[in-house]
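Colleague: Could we go through the charged contacts in this model together? I would like to begin with what is being counted.

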Amino acid sequence: MSHSAFNFQDYNALSESDFRALVRRFLDAHHPPELRNPIKRLHWNEARPWYMTLSAHGWLAPGWPREAGGMGLSPSKQLIYVDEFERFGAARTPDHGIMLFGPLLLKYGTEAQKQKFLPRIIAGEDIWCQGYSEPNAGSDLASLRTQAVLEGDHWLINGQKTWTTLASDANWIFMLVRTDSTGKKQQGISFLLVPMDSPGVSVRPIINLDLQDEFCEVFFDNVRVPRENLVGEVNQGWTMAKALLGFERIFLGSPRQSAHAIARLKKLAEHVGAWSDPVFQDRYTQLRLDLEDHKSLYEIFADKLRQGQELGAEVSLLKIHQSELYQRISDAMLQIGGEEATCLEPINGDRDLNPAGVFLTARAATIYGGASEVQRNIISKNVLRLPDKPSNKNSAAWRDTNSNTGEKP
Amino acid sequence: MSHSAFNFQDYNALSESDFRALVRRFLDAHHPPELRNPIKRLHWNEARPWYMTLSAHGWLAPGWPREAGGMGLSPSKQLIYVDEFERFGAARTPDHGIMLFGPLLLKYGTEAQKQKFLPRIIAGEDIWCQGYSEPNAGSDLASLRTQAVLEGDHWLINGQKTWTTLASDANWIFMLVRTDSTGKKQQGISFLLVPMDSPGVSVRPIINLDLQDEFCEVFFDNVRVPRENLVGEVNQGWTMAKALLGFERIFLGSPRQSAHAIARLKKLAEHVGAWSDPVFQDRYTQLRLDLEDHKSLYEIFADKLRQGQELGAEVSLLKIHQSELYQRISDAMLQIGGEEATCLEPINGDRDLNPAGVFLTARAATIYGGASEVQRNIISKNVLRLPDKPSNKNSAAWRDTNSNTGEKP
Amino acid sequence: MGLSPEQLENVRMLRESAAAVADKQDLTRIRSQRFALPGFDRQVWQTMSELGWLGLALPEANGGAGLGMVEMAALAEELGAALSPEPFIAATLAVNLLGPELRSAAMAGEIIILPALQEKPQDLGRSGDLTRFEDGRVSGRKVFVPMAAGADAFVVSTRGGLAVVDAKADGVLVETIQAQDGGHWGTVSFSGALATPTEGDLAGALDQAIIATSAYLLGVIDAALELTLDYLNTREQFGAKLGSFQALQHRAVDLKLQAALTRASVTDAASILDADTTRAAKSAAASRAKARASDAAMLVTRQAIQLHGGIGYTDEHDIGLFLRKAMVLSPWLGDSTWHRRRFAALTAEHDEQASSPARSGQLADAEVQ
Amino acid sequence: MGLSPEQLENVRMLRESAAAVADKQDLTRIRSQRFALPGFDRQVWQTMSELGWLGLALPEANGGAGLGMVEMAALAEELGAALSPEPFIAATLAVNLLGPELRSAAMAGEIIILPALQEKPQDLGRSGDLTRFEDGRVSGRKVFVPMAAGADAFVVSTRGGLAVVDAKADGVLVETIQAQDGGHWGTVSFSGALATPTEGDLAGALDQAIIATSAYLLGVIDAALELTLDYLNTREQFGAKLGSFQALQHRAVDLKLQAALTRASVTDAASILDADTTRAAKSAAASRAKARASDAAMLVTRQAIQLHGGIGYTDEHDIGLFLRKAMVLSPWLGDSTWHRRRFAALTAEHDEQASSPARSGQLADAEVQ
């Protein structure tokens with residue numbers, strides 16, 4: 001890791017405002033201008049220079065400890081890091097290794113696994129994708145059926161994953177597999193690491209509603225990996241994946257997505273001449289107030305994080321409100337956009353005037369990362385403590401399913 | 001029955017427009033002006049003169065055959081009769097005997113029962129109330145538990161009815177009672193006639209949310225009635241009560257209630273100065289369009305009736321939309337009404353400027369006559385054919401419950 | 001307000017014959033036309049013209065079938081349910097504005113003539129035409145001309161009246177923009193292009209096209225809902241059919257309610273257009289239908305995606321095609337906001353006589369118990 | 001933005017002491033005061049003043065407790081949860097506007113002084129005062145004075161500044177109108193009534209009262225929701241607990257979400273009022289809180305009735321009391337429409353810098369997987 005003006009010994013010793021200023025300076029100095037505010041999810045070949053820049057300055061992994069090559073940020077500093085990246089419109093890199101796999105390995109991996117994998121992530125040598133969802137296990141993730149059987153020193157894997165973001169860019173996949181089908185469905189799931197170039201692995205991109213190709217299906221046909229590619233204990237994969245949700249669950253409810261969208265709604269309203277319409281103004285103000293109150297709600301949860309408290313099931317309220325607010329803003333765009341909002345390309349080629357694109361992208365927000373319906377089930381059970389159907393005891397189990405582990409574009 | 005200029009030999013021979021004109025002339029000529037557009041449900045002592053006027057002209061029972069003292073109107077003429085009464089703002093009398101009990105007796109009663117009871121209804125000698133709902137059997141009417149046991153020549157009745165409209169005015173009650181607890185809960189229900197002055201019957205008025213006393217609880221403590229007070233076969237009460245719903249179900253979805261409310265909303269908007277506000281205008285136009293489309297939907301069902309077709313479960317859509325539209329109109333009243341809409345009395349003593357009253361009354365619309373939730377269950381099952389929960393087979397039965405038989409203010 | 005036996009029979013026959021070109025079960029043809037030019041099938045167009053559809057609502061004296069809006073709405077609904085990309089509604093609008101010769105050729109499918117009316121987005125009748133028509137030549141620019149790349153000629157609204165311009169004539173430039181449904185819009189520039197005058201009841205033709213578009217959207221709504229109900233009835237999650245979850249059931253009912261209201265509104269509007277009544281009444285009915293259909297189509301197709309879950313967010317599943325069609329047709333010929341305002345303006349007086357305020361719901365209440 | 005340990009402790013103690021007068025479990029006292037005059041309990045008022053509540057947010061130098069809006073909001077919330085009919089918020093508003101002598105008497109509960117500000121419905125600050133204050137005498141008419149029959153004196157806004165008028169003075173006529181919550185509004189007419197001038201930060205006092213009312217409504221919301229959840233957890237229908245029906249569960253979640261947003265909004269507004277910031281920022285925060293609280297209170301209490309079913313439509317069940325309270329307080333001190341517009345006007349520039357448009361949700365998305 002090279003030295004740079006931005007590579008501090010201890011970021012956490014900085015005041016919050018100093019650190020915030022540092023992040024801004026970093027982005028101003030280093031973010032490639034042409035990648036700012038990308039209109040779609042970047043592929044590895046597009047994002048690589050930025051990834052390597054982050055790596056070179058030691059800014060790639062805000063939450064990882066210093067000794068693993070991360071920034072070792074406290075929760076409140078991580079919140080600032082993310083907030084400023086979002087505010088700036090920084091491009092997202094293929095970061096599943098950093099954001100999801102790394103923390104899990106740090107907590108549950110063997111020393112050998114950490115030594116083997118973490119440096120290669122920091123160096124940009126390994127790009128990971130996440131293999132959780134399956135065709136019949138999306139919101140109901142615990143129903144996954146991709147099977148791994150231990151045969152001698154190898155796991156033999158058969159099955160299919162889907163909604164695997166940027167799988168075509170990855171050379172490794174971390175995945176949940178079924179290793180026992182007898183007990184409760186949440187049990188009997190293990191966590192395996194598989195090279196994407198293993199014989200029997202094949203990848204098929206899926207075109208999404210916004211006509212982008214960021215997800216894939218991944219097929220496993222008698223794929224073999226060594227026994228030591230298991231992370232943690234056999235049949236403990238579910239528990240491990242759930243335990244890692246602590247920190248990142250709040251980001252599903254970050255107000256930034258809606259804040260960007262509302263700024264775009266305003267710009268669109270000015271473009272189409274709706275801005276001076278009192279009926280539009282009324283709707284716009286309602287959306288703004290929803291956003292402002294959402295920010296207040298977000299801060300309540302952020303405070304908990306800063307104080308090291310558990311977020312609890314209530315954090316699902318944030319996800320529901322953010323995703324539905326984002327959709328309502330995008331609905332308003334389409335509503336005022338007229339024929340211009342029916343076009344495939346942004347209006348006048350301006351990325352910020354792309355109502356149809358935002359509208360279509362927003363459809364995903366209430367489906368992935370735990371569909372709104374599932375989030376409501378979780379709150380009903382775990383926050384409101386409403387009862388299950390008496391004759392339906394056997395369906396109670398799924399409500400423990402925390403589908404925030406589900407895939408998401 | 002006296003002769004009058006309005007007592008035709010055959011109303012059905014008149015053209016629709018001639019009949020409509022006749023109804024209007026009748027109301028203009030005979031309706032007591034002081035009872036028009038009453039602010040609350042009238043009690044018998046208030047409504048009696050109008051009831052007797054209707055009776056004297058043979059206009060009391062539009063749907064009954066001529067020989068029973070009714071007008072013998074065809075379905076399309078009945079629709080016109082109701083429509084014009086509603087449009088005029090005619091006062092409703094305690095009419096359960098005419099609207100609900102009469103038709104049932106005509107279809108299922110013995111000749112002796114018809115001879116005994118029907119003329120006394122026409123003469124205003126018997127006022128009937130309806131004993132269907134119970135404290136634990138409202139939307140789930142089939143769960144009723146008031147019990148009747150045959151002891152020799154008498155039925156022995158114990159239990160409690162609730163939401164019994166104007167029970168304190170009635171001298172008879174027709175009621176559903178449980179006569180068998182073994183089979184499906186819809187079976188084992190019978191239809192009994194009970195004098196309200198029977199020993200063991202007691203009545204307690206319930207004050208409703210609008211602070212009116214139109215419903216009551218009715219208690220039955222070892223009440224005895226003769227065996228012949230049963231209508232139809234033992235355990236056939238449910239089937240009979242359901243069969244009678246054909247015609248009147250459409251009236252739950254009549255647009256008239258919302259049409260009156262929207263006219264009042266406009267008057268209120270003018271009073272409070274919201275009329276010229278474009279945001280209000282937008283909301284008002286949306287409500288008007290909902291009303292206009294509701295009228296179109298109502299006509300589709302009315303056409304079916306006119307052609308003698310079954311209405312089908314789909315008619316629940318009308319009830320849902322009408323009751324929820326009515327509520328949305330009343331919500332808009334409260335929204336624009338400001339502090340004036342917080343008062344117990346109408347604004348300036350003007351009945352048409354009574355937003356709080358309308359708002360509170362409207363709360364009932366989605367609860368009684370089959371709550372919106374139950375109506376949605378009915379449509380889900382019987383129109384959309386969506387499945388039941390597999391592990392929940394025993395709860396399937398309740399979805400057949402047609403709760404339109406439930407009580408309603 | 002019910003239909004006559006004759007109308008019912010016409011409607012039944014039309015719906016049957018629509019199956020010839022509109023296959024609701026297989027959208028392969030629809031997919032194959034997406035994002036290509038002209039974006040529809042000239043072969044299918046030929047069949048449509050042979051079936052007499054382009055002159056469906058023209059008087060028999062004009063070579064038409066002499067049917068009414070009721071029948072045209074039924075046909076448009078079938079086309080909507082199958083997502084037909086052919087510019088049937090636009091071409092029918094144009095046919096109303098042609099003289100005998102061109103009309104015959106257009107009805108026979110020999111030439112495709114499409115209307116070029118708008119000069120700005122969301123500008124249906126809002127501002128006057130800037131396009132000039134002088135000395136037999138047209139100059140100006142029209143935007144959002146549906147499927148313009150497939151047109152052999154345009155009916156152009158100008159300050160000097162309606163004009164027909166050959167698409168291949170000198171001084172005509174057709175540029176296209178892809179639309180989300182796989183079709184396209186044309187921006188058509190005229191610089192002194194040779195033109196011939198034509199005339200017709202543009203306002204009436206527009207109302208007809210507005211109702212036909214509402215009916216097309218009704219078809220979209222019903223088909224999207226049906227697809228969704230099928231999915232709810234088959235897909236299992238958490239050990240049960242999706243359709244057995246009450247929260248989803250109730251949402252499906254709300255969609256069904258909107259579908260029923262749209263059908264009621266469109267059916268009424270079609271009857272009113274066929275009836276002997278005022279232009280204002282007809283336009284108000286058309287606006288009512290389009291306001292309902294536009295909003296209901298967006299609601300139903302959006303919710304259809306949500307109810308499909310992850311698979312609904314792929315382009316591979318057909319349900320997205322219905323959303324994209326709704327996105328394009330909801331604003332076309334006036335979005336719901338525009339039509340609500342037109343309705344309010346057209347009915348400002350009527351609203352007075354709606355009914356004298358009366359005890360809310362007394363007899364409506366009355367029938368309940 | 002979290003509270004300081006000291007604030008947390010103050011809030012805890014206040015909530016505890018609130019239990020002395022605000023019994024959430026038993027609304028018998030509330031019922032007994034309904035539709036009577038003065039509609040509240042002078043005994044309870046005495047307790048409130050002994051607890052120091054009327055000077056809670058006044059500086060210690062002025063004899064107050066020196067606490068802030070955060071603490072007052074916590075107290076108002078407790079009062080709201082128990083539906084306290086005492087005019088605590090109104091009296092606190094008045095106390096802010098009194099000189100030392102009257103202030104002490106009011107804080108001690110010896111006299112009840114209430115504000116008389118509005119001259120028209122929905123007229124908070126919209127139009128200027130018509131009421132005159134000349135030569136030591138006040139003439140004019142004030143409407144919607146809360147619980148006016150219980151006032152010993154009024155703080156009256158006039159063209160000539162604020163004035164205190166004895167309720168028993170010659171030339172003062174108090175007429176009352178019953179409100180749906182069982183309280184009443186006063187129409188107070190002054191015809192040359194003797195008055196003494198007073199002064200204070202009316203705008204600041206109003207924002208304080210607006211946030212306190214929002215907090216009171218938050219208490220109403222939470223209590224109504226709790227009552228409803230209890231009902232769903234006990235009442236059986238169709239062989240199952242009501243609360244086991246998914247459609248009702250999801251609706252309850254939506255109510256919980258509104259409750260959570262209201263709490264976030266009110267808490268933030270209280271902190272902002274206590275912070276060293278501009279009047280515009282404070283008023284915007286107050287308006288945001290009141291807009292949310294007014295709408296959420298109506299939504300939650302309306303739905304609470306629906307979720308209770310038939311029993312919810314009786315006056316016997318307590319749930320209706322919460323609806324009636326929401327009906328009265330939602331419009332008081334500005335309804336949600338009024339506050340939304342005030343918020344928009346106050347933040348018109350801020351809105352610009354909200355954020356530069358950026359790829360929607362990229363990093364928000366980012367954290368998801």
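Modeller: A salt bridge here is a side-chain nitrogen of Lys or Arg within 4 Å of a carboxyl oxygen of Asp or Glu. Please note that this is a predicted model.

Colleague: Which residue forms a salt bridge with Glu119(C)?

Modeller: Lys142(C) does, and the closest N and O atoms are 2.8 Å apart. Glu119(C) sits in the loop between strand S1 (113-116) and strand S2 (132-134) of chain C, while Lys142(C) belongs to strand S3 (residues 137-146), 23 residues apart.

Colleague: Is Lys142(C) buried or exposed?

Modeller: Lys142(C) is buried, because its relative accessibility is 0%. Glu119(C) also counts as buried, at 15%.

Colleague: How many salt bridges are there over all chains?

Modeller: The count comes to 110.

Colleague: Turning to chain A, where does the pair Glu84(A) and Arg20(A) lie?

Modeller: Glu84(A) is in helix H3 (residues 75-88) and Arg20(A) in helix H1 (residues 16-30), 64 residues apart. Their closest N and O atoms are 2.6 Å apart. Glu84(A) is buried at 2% relative accessibility, whereas Arg20(A) is partly exposed at 24%.

Colleague: Which residues are linked with them in a network?

Modeller: The salt-bridge network of Arg20(A) and Glu84(A) also includes Arg24(A), Asp83(A), Arg87(A) and Arg256(A).

Colleague: A change of topic: what does the UniProt annotation say about residues 129-223 of chain A?

Modeller: The unreviewed UniProt entry annotates them as "domain: Acyl-CoA oxidase/dehydrogenase middle". In the model, that stretch is 0% helix and 52% strand, with its end C-alpha atoms 17 Å apart.

Definitions and conventions
Residues are numbered from 1 along each chain as its sequence is written. Chains are lettered from A and ligands numbered from 1 in the order in which they are written. This is a predicted model: local features need pLDDT of at least 70, side-chain atom pairs count only at pLDDT 80 or more; totals for chains, interfaces and linings use all residues. Side-chain values use heavy atoms; hydrogens and water are left out. UniProt positions are given in the numbering used here, feature names are shortened, and annotations may be inferred rather than shown by experiment. Helices (H or I, at least four residues) and strands (E, at least two) are DSSP runs, numbered from the N terminus. Buried means under 20% relative accessible area, exposed over 50%, partly exposed in between (1.4 Å probe, protein chains only).
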